[in-house]
Amino acid sequence: MKITDFVYSALIGLVASCRSMTPMAAIAAARITGRDTSGRLLLLDRPLFKYGALAMGVGELFGDKMKSAPDRTVFLGLSARVASAGIAGAALAPSGKEKAGAAIAVSAAVPLAYATLAARKKAIAEIGQTRSGLIEDTLIVALGAAVVFLATRSDRL
């Protein structure tokens, strides 16, 4: 086992640090389109979970622009990041190494949530909440999609 085997788990943790539901939405979209993940998780095969994860991912993108949206580092925000990063990190880990992939993703997501929040607050002060949120959404959704696409390509599995 090499540490590079877990690069996708770590990167999905970065995605979770910014958008808690995007990792699960990206995994769900991949599963819906027939792409398989190396890590085995029964949850990913349930239609309610797959479509629910997509809906929650889209909902989060809208909710984040609201002035009343809580910081990503509040208890519930961090809890969602831990759950999402853990599940997605396990799914993207090598088969049989799901627990390590989950741990790596969570270890990336939690501290980076504080760093990305600081960057977002700075961006809000400079360009506003909606504009900074749209920019962050674009970058994070693209990163999440790219990570999951690369991790689920057939020559990797």
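Is R19 buried or exposed? R19 counts as buried, because its relative accessibility is 1%; buried means under 20% relative accessible area, exposed over 50% and partly exposed in between, with a 1.4 Å probe and protein chains only.

## About the model

This is a predicted model, in which local features need pLDDT of at least 70 and side-chain atom pairs count only at pLDDT 80 or more, while totals for chains, interfaces and linings use all residues. Residues are numbered from 1 along each chain as its sequence is written, and side-chain values use heavy atoms, with hydrogens and water left out.

Side chains of opposite charge can pair when their charged atoms come close. A salt bridge here is a side-chain nitrogen of Lys or Arg within 4 Å of a carboxyl oxygen of Asp or Glu. The structure holds seven salt bridges. One of them joins E136 and R19, with 2.9 Å from N to O. This pair links distant parts of the chain, 117 residues apart: E136 is in helix α6, and R19 is in the loop between α1 (7–18) and α2. Helices are DSSP runs of H or I with at least four residues, and strands are runs of E with at least two, numbered from the N terminus. E136 counts as buried, at 11% relative accessibility.

E136 also forms a salt bridge with R72, where the closest N and O atoms are 3.0 Å apart. R72 lies in the loop between α3 and α4 and E136 in helix α6, so this pair ties together parts that are 64 residues apart in sequence. Both R72 and E136 are buried. R120 is another partner of E136, and their closest N and O atoms are 2.9 Å apart. R120 is in helix α5, 16 residues from E136 in helix α6. R120 counts as buried because its relative accessibility is 6%. Through shared partners, salt bridges join R19, R72, R120, E136 and D137 into one network.

## The largest pocket

A pocket is found on a 1 Å grid over the protein atoms alone, as an open set of points with protein on both sides within 12 Å along at least five of seven lines; lining residues have an atom within 4 Å of a point. The largest pocket has a volume of about 450 Å³. It is lined by 22 residues, of which D64, A69, P70, D71 and R72 are the closest to its centre. Helices α3 (47–63), α4 and α5 (98–127) each supply at least two lining residues. The largest share, four residues, comes from α5. By class, this lining has eight nonpolar, six polar and eight charged residues.

## The second largest pocket

The second largest pocket holds about 230 Å³ of space. Among its 15 lining residues, A25, A26, A29, V141 and A145 lie nearest its centre. Two or more lining residues come from each of α2 (22–32), α3 and α6 (129–151). The lining has eleven nonpolar, three polar and one charged residues.

## A nonpolar surface patch

V74, F75 and L76 form a nonpolar patch on the surface, with about 350 Å² of accessible area together. Such a patch is made of residues with over 30% relative accessible area and no salt bridge, with nonpolar side chains joined within 5 Å. L76 lies in helix α4 (residues 75–92). L76 is exposed, because its relative accessible area is 66%.

Terms used. Patches are made of residues with over 30% relative accessible area and no salt bridge: like charges are joined within 9 Å, nonpolar side chains (Val, Leu, Ile, Met, Phe, Trp, Tyr) within 5 Å. Accessible areas come from the Shrake-Rupley method with a 1.4 Å probe; for residues, only the protein chains shown count as cover. On a 1 Å grid over the protein atoms alone, a cavity is a set of points where a 1.4 Å probe fits but cannot get out, and a pocket is an open set with protein on both sides within 12 Å along at least five of seven lines; lining residues have an atom within 4 Å of a point. Grid points are joined across faces, edges and corners, and a volume is the space filled by probe spheres set on the points. Ala, Val, Leu, Ile, Met, Phe, Trp, Tyr, Cys and Pro count as nonpolar, Asp, Glu, Lys and Arg as charged, and the others, Gly among them, as polar.
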